[in-house]
Amino acid sequence: MINKTTKLRAAFTGIKNGAVVMVGGFGVPGTPFTLIDGLLTQGTKDLTLIKNEANEDHMGVSKLIESGRVRKLITSHLGLNATAIDYMNRGLLEVDFYPQGILAEKIRAGGAGLFGILTDIGIDTILVKNKPRMELNGHRLMIEPALRADIALIHAARGDHFGNLIYTGSACNFNPLMATAADLVVAEVEQLVAPGELDPDHIHTPGAFVDRVVHLETLTVEYGILQHHVR
Amino acid sequence: MEFCNTMSAKTKIAQRAAQEIKPGHVINLGIGIPSLIADYLPSDGTVLIHSENGILGMGQHCPRGSEDRNLINAGGAYVQTIPGAAFFDSALSFALIRGGRLDVACLGALEVDQHGNLANWIIPGKFAPGIGGGMELAQKARRLIVTTNHVTRKGAPKILTACTLPLTARACVDLIITELAVIQVTSSGLLLRELADGISLQTVQNQTEALLRLPPEGVGRF
């Protein structure tokens with residue numbers, strides 16, 4: 001029977017320096033902290049990272065950035081990470097910003113075997129600079145190439161040995177999109193069940209998209225409540 | 001010119017803005033003053049609050065101690081949901097916005113001008129944390145309400161004849177609500193709809209770079 005489960009130490013076999021890495025998550029929810037730590041341990045560098053944001057100082061992907069492993073970040077917003085902004089301003093981190101929904105669509109298109117999207121978001125702003133443009137049905141549009149990655153790091157609430165995944169709450173966000181858009185998709189799951197235990201009606205990511213599944217035996221503190229965000 | 005950033009100013013703006021939200025509306029509230037609007041809306045299912053990170057039916061902030069580590073708003077605060085809420089991914093979240101299903105967005109501003117142009121994402125050389133969902137919200141919400149202090153911390157007008165900062169979106173603002181005034185953006189400029197209690201027209205015009213026209217039916221109070 002198909003069994004994609006693997007231990008963390010084997011999750012990154014084949015990933016090379018200079019890889020393009022997609023990482024799920026919007027803030028803490030959905031960020032695959034354990035896989036990030038595994039990548040940090042593994043030592044690959046000169047990475048191009050694609051993530052909605054850079055987590056907060058000293059957490060999640062910020063640890064990769066702060067360790068000098070990341071050459072370039074493709075993202076939407078860094079407002080909650082002063083360290084990442086500082087690295088950017090000091091020229092230590094190259095950053096490409098995209099509107100959040102356009103970043104999501106570039107990834108979705110990449111995962112859907114498409115090569116780009118047409119959009120008018122930002123058409124009257126400085127975003128159009130250096131972007132290929134066209135007109136279609138009277139609309140002035142920008143052509144945005146699709147995004148794919150060498151490896152995607154996914155966090156899911158539940159998964160099975162086939163790689164079927166279910167997400168929860170606001171931890172869903174970019175994970176389902178990135179889970180389709182990489183050559184190697186590694187998912188960490190909080191709960192691992194046998195095939196047949198996940199209701200087919202409820203599966204968000206069918207297992208065909210997933211290559212490796214790492215079961216989280218425990219959740220570290222990083223997954224928990226951030227006290228400075230508590231009222 | 002006086003910068004008024006007291007809680008009473010923010011509260012006044014949020015309370016007035018909440019009156020623009022109608023039953024059945026799907027709305028998105030940006031960070032800062034817009035997020036306070038939620039406190040003045042019914043949480044009985046008459047209004048659905050959308051959060052860009054993939055929530056429809058977002059509720060109030062969590063009482064301390066009941067936070068769900070997987071449930072935050074776009075600013076990172078822990079929130080609840082109302083009965084009938086739904087969770088979805090980021091592509092669907094922005095399809096809701098760009099596809100025209102967002103009735104009202106409320107955003108803050110660095111600058112707004114008489115053409116309804118909005119600038120709120122970058123001050124080149126000083127403030128450039130990225131874009132987030134703001135451009136799509138500004139450009140594609142069916143109605144855009146800007147909630148903002150009337151002047152900057154240094155007392156400079158924020159409502160201008162022309163934005164000087166890089167735009168978030170062009171000709172997108174429908175209504176401006178500050179602690180001093182409610183201003184409608186029309187095809188022939190800014191129309192002063194309401195003055196805050198105790199505030200004169202001259203006071204508001206003195207702190208507004210753009211010319212404020214007066215509606216023939218008169219100016220209300222709030």
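Helices (H or I, at least four residues) and strands (E, at least two) are DSSP runs, numbered from the N terminus. The model is predicted, so local features need pLDDT of at least 70 and side-chain atom pairs count only at pLDDT 80 or more, while totals for chains, interfaces and linings use all residues. Residues are numbered from 1 along each chain as its sequence is written, chains are lettered from A and ligands numbered from 1 in the order in which they are written, and side-chain values use heavy atoms, with hydrogens and water left out.

Helix α1 of chain A (residues 33–42) has seven of its ten residues buried, so the helix is largely enclosed by the rest of the structure. Buried means under 20% relative accessible area, exposed over 50%, and partly exposed in between (1.4 Å probe, protein chains only). The buried residues of α1(A) are A:F33, A:T34, A:L35, A:I36, A:G38, A:L39 and A:L40. Their cover includes β1 (20–23), β2 (47–50), α2 (61–66), β8, β10 and β11 of chain A, where contact means heavy atoms within 4.5 Å. After α1(A) comes A:G43, with a positive phi near 95°.

Strands pair if DSSP finds at least two bridges between them.

| Strands of chain A | Bridges and direction |
|---|---|
| β8 (residues 149–160) and β10 (residues 182–193) | Ten bridges, parallel |
| β10 and β11 (residues 212–215) | Four bridges, parallel |

In β10(A), A:Q191 is the bridge partner of A:R158; in β11(A), A:H215 is the bridge partner of A:V189.

A nonpolar core is a set of buried Ala, Val, Leu, Ile, Met, Phe, Trp, Tyr and Cys residues joined through side-chain atoms within 4.5 Å. The largest has 59 residues, and B:L118 and B:V173 have the most contacts inside it. Another core, of 30 residues, lies apart from it and has A:I15, A:I36, A:V70 and A:L153 among its members.
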